[in-house]
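Please find below a colleague's note for someone opening this entry for the first time.

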Amino acid sequence: MNDQSMTPEERAANLKGMGCSRKRVEDVRFTQGKGNYVDDIKMDGMLFGDFVRSPYAHARVVSVNKEAALALPGVVAVLTAEDLAPLGLHWMPTLAGDKQMVLADGKVLFQGQEVAYVVAEDRYIAADAVDLVEVEYEELPVLTDPFEALKSDVVLREDLEGQTEGAHGPRKHHNHIFTWEVGDKDGTEAVLGGAEVVAEEMVYYHRTHPCPLETCGCVASMDKVTGKLTLYGTFQAPHAIRTVVSLISGLAEHNIRVISPDIGGGFGNKVGAYPGYVCSVVASIVTGKPVKWIEDRMENLMSTAFARDYWMHGKIAATKEGKITGLWCHTTADHGGFDACADPTKFPAGFMNICTGSYDIPTAYLAVDGVYTNKAPGGVAYRCSFRVTEAAYFIERMIEVLAIKLNMDAAELRRINFIRADQFPYQSALGWEYDSGDYHTAWDKALKAVGYEDLRKEQAQRVEDFKAGKTRKLLGIGLTHFTEIVGAGPVKNCDILGLGMFDSCEIRIHPTGSAIARLGTISQGQGHATTFAQIIASEIGLPADDITLEEGDTDTAPYGLGTYGSRSTPVAGAATAMAARKIRAKAQMIAAYLLEVHDDDVEWDVDRFAVKGAPERFKTMKEIAFAAYNQAIPGLEPGLEAVSYYDPPNMTYPFGAYICVMEIDVDTGEWEIRQFYALDDCGTRINPMIIEGQVHGGVTEALAIAMGQEIAYDEMGNVKTGTLMDFFIPTAWETPNYTTDHTVTPSPHHPIGAKGVGESPNVGGVPAFSNAVHDAFRPFGLVQSHMPHDHWRIWKIANGLGLHG
Amino acid sequence: MIPAGFEYHRPTDTASAISILQEHGDDARVIAGGHSLIPMMKLRMADLAHVIDLQDIQEMKGIEIGADSVTLGAMVTQHELITHDGLAAAVPIIREAALQIADPQVRYMGTVGGNVANGDPGNDMPGLMQCLDASFELVGPDGTRTVAARDFYEAAYFTAREDEEILTRIMIPVPAAETGQAYEKQKRKIGDYATAAAAVMVGGGSASVAMTNLADTPVWSEEASAALAGGDVEGCVAAMLDAIDPVADNRGPVEFKKHVAAVMLRRAIARAMSRAG
């Protein structure tokens, strides 16, 4: 087979490799209703679990009476903390070094907390039995405000009483969890003290929730004959779940198989371990039958992993000309009843210390105090790397606040403070090494694309018209330049429960030149089966269409830490390229043998190795693959497979420039997005169509968060937004059109230069929307107002500024 | 979100439905589109042993357009209200309001009878029916009676309908040709109840004004209507602001709702006036 009829470009195009907007191979089954989600799993004799949950936010559990529930035909068991205690499973470790009740052990700490677990033969019987469990509560004083909690005599975590040392250092108060400090405190305070200009604000990023389309759930199936437990579930990190289940259950890890089937969105909600998993595993071990547990929507919103809830007090110092000289931030972090944040172990506030953003700030200091309150535990990275959206929102608000203080244009203030392209790799004042960037180019491109100067003129005219009574609508221009930190991460400083955050890929080339690749990650909609095949296609010259991707089965996939924090492409994507390169290296030796030349005398050419200087003499990868299985090649083992475990040398630092143009009705608080421009630089672009889809989805979630989505509590600790009537999920109607754009600054340390993109649009989108609201009212004196910017809160801004006459 | 067990009945005529209601009393409820009752059952806030589905009762379906009056069967869906051209010609405000209820999927199932009979202050049709001076036909064990929409609502979820009665038909006088009509609604998102909504008819020296979700019942104000009939827009708004009694919830505090109520009402008046002949 010496076909030379196609040009190298044509051969490359046939591979559908990197840079190709290849259609998502997953969508064939999803669009035909043929996906296989955890609730689709049906097994013989399967039982169903359901929770009795606390109606109170803080109460003592005086008694639990199971009698009536157990008397209901079809009820198999009712588990309480008392039943789990002999197994040591009434509490479980959290990812943040704390522990969490699996079932209420004497008291409850948030509304919706799991009190008892009912197991029944039928989903309906389980629900009926939940109603029959009689729980007597004695209400306790409720703390929903973290500042109050730090002053209150009320002890939330009685189990920790007297413990002055937590997982992350000293505890200052019985409701205090940790203090985390980064940077130069004295130096920053000295800069603030001597600065020409200091702007100070409290920036609150409210509590919200990832709210994936599919809620959390699992099916636990213990085979008493083989002693093997199979656990199907909505897990974003199946291997880590296997290890956690082994550690807390005492089952040997080889006897546990964790399978994540198709997952209907995760966004961080499905990273942690939940009581439902533990109870289902226990119930299956006890009964010897499969046990299914699936959350409903209200349970998902009330009890599994919230996001944000950061009170960020900031001070920013600058010269009169606007050159920033220092940044100070003290964050009060509301973690709810248990510290179940999903962060790398050494980072109890995630990567909040990326809060110097895109700016060259010489001196900075960050302190974060974690606090217990009577709210649900969590604190996950909702479509962002660990606390990066909080950091980006903080700095992008502080820049706007400083611009107001300086009476400067906020675009220009950003421009004069950006880290310059020639400063990379850049050491930030809070300890990161930014790998690459070209912020000025991206910024200028963005401003030009939206016609920034004209927009400002239009806005000025609008203000005049408003004052003259000609219009009741204001125009806001929301600017954001964000820098993400993703791809956790280097094993030297990133681990979860002691597991280094590397990732993996194993590739097996079949004799006929097709392949299967397995990864330690798990797609929840990101399109891994599409994009990772493209990486392999470009690296080894086999068509992406001939490569199967498989993830999520711990019995077959190599160990990895899973998919969240935009880490799949930076870490597992790198492992994929490295495994492919191992295969290509062996293929080179096979090709040289077949062509009867020295290894160094062949060179790679898209999908083949050719003899240097004689391109008509070559072996395609397809030919090489077959030879690997049918030739006895001296010095080479048969077969063509490779595995790579990739420990990244650094994080990647995607960045972008987002601009939102918003119309606001001052009388009703209603808003309309007139234009949204999103420029992303995620380094090398594997599949432009998937990137665009990620940006559309992420900006839409950002719109939701900024403009209405929240988990709100009343003073009794009742969740006020527990259904989708009140919890804002935009429909097509509320979602604007987006303009996407890009620059390409490849990561210098990543094998293919890719940086990750899934979470950039949320990180950049939230401040862009919020800044647009603030910007509309800036001419009337607004400095800072808290999200979410729903109708009544926008109306209140206008009302407070005297715009209602 | 799993309802307790219940028995499902599907009668084919009104009399049968009433006899099932009589037989089971408090344990039974009729179900039309189900968009209010089923969520309540799933939340176990409504625990019913018997659910009587009205969808096979032909006599409760259909739209009749007369010269002076329009009659809507209680089981007419919001979708049917929107797509009926004769209705749109006779009483255009109904299509305008129905298009602002929920979303297309809900409107395929949700019925006008269920919307007016449930007594939920968030529903759009009760205020609209008061504005239009509609009346409701109630059929019970003792026969048939008619109650004006303006007299029907007593408090949230409490109406003039007796437990063993079924609301079967809605009669609407066709507004005079010169009447301008408008329905204005502010909501947080598609699918939401109104933060505030206003139904306005004006023209030919008469007017009628009603508002939604600003008290525990729909609010039709005789005084506001009279002021508008006399051309006094500010008097109309002031009278309506006196009549409403909003409460704070996730849509906002009372002062905001009152402000928005006035804005919605003024906008509806302006649009209705622009349409008046």
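This is a predicted model: local features need pLDDT of at least 70, side-chain atom pairs count only at pLDDT 80 or more; totals for chains, interfaces and linings use all residues.

1. Domain 1 of chain B and domain 2 of chain B together bury about 1,200 Å², with 62% of it on carbon and sulfur atoms; buried area here is the accessible area, taken with a 1.4 Å probe, that two parts lose on being put together, summed over both. Thr14(B), Ile18(B) and His35(B) supply 38% of what domain 1 of chain B buries against domain 2 of chain B, more than any other three residues.

2. Residues are numbered from 1 along each chain as its sequence is written, chains are lettered from A and ligands numbered from 1 in the order in which they are written, and side-chain values use heavy atoms, with hydrogens and water left out.

3. Chain B is divided into domain 1 (7-53), domain 2 (58-173) and domain 3 (180-275), with bounds that come from an automatic or database domain assignment. The centres of domain 1 of chain B and domain 2 of chain B, taken over C-alpha atoms, lie 19 Å apart, and their contact (heavy atoms within 4.5 Å) takes 14 residues from domain 1 of chain B and 18 residues from domain 2 of chain B.

4. Between domain 1 of chain B and domain 2 of chain B there are zero salt bridges, a salt bridge being a side-chain nitrogen of Lys or Arg within 4 Å of a carboxyl oxygen of Asp or Glu. On the side of domain 1 of chain B that touches domain 2 of chain B, the largest share, five residues, comes from H1(B), a helix being a DSSP run (H or I) of at least four residues, numbered from the N terminus.

5. Turning to the two chains, chain B and chain A bury about 2,200 Å² between them, 57% of it on carbon and sulfur atoms. On the chain B side, Ile2(B), Lys189(B) and Asn250(B) lose the most area to chain A, together 27% of what that side buries. The contact draws 26 residues from chain B and 26 residues from chain A.

6. How many salt bridges are counted between chain B and chain A? The count is five, and Asp665(A) forms a salt bridge with Arg267(B), where the closest N and O atoms are 2.6 Å apart. Helix H12 (residues 254-275) of chain B gives the most to the side of chain B that touches chain A, with seven residues.

How values were computed. Helices (H or I, at least four residues) and strands (E, at least two) are DSSP runs, numbered from the N terminus.
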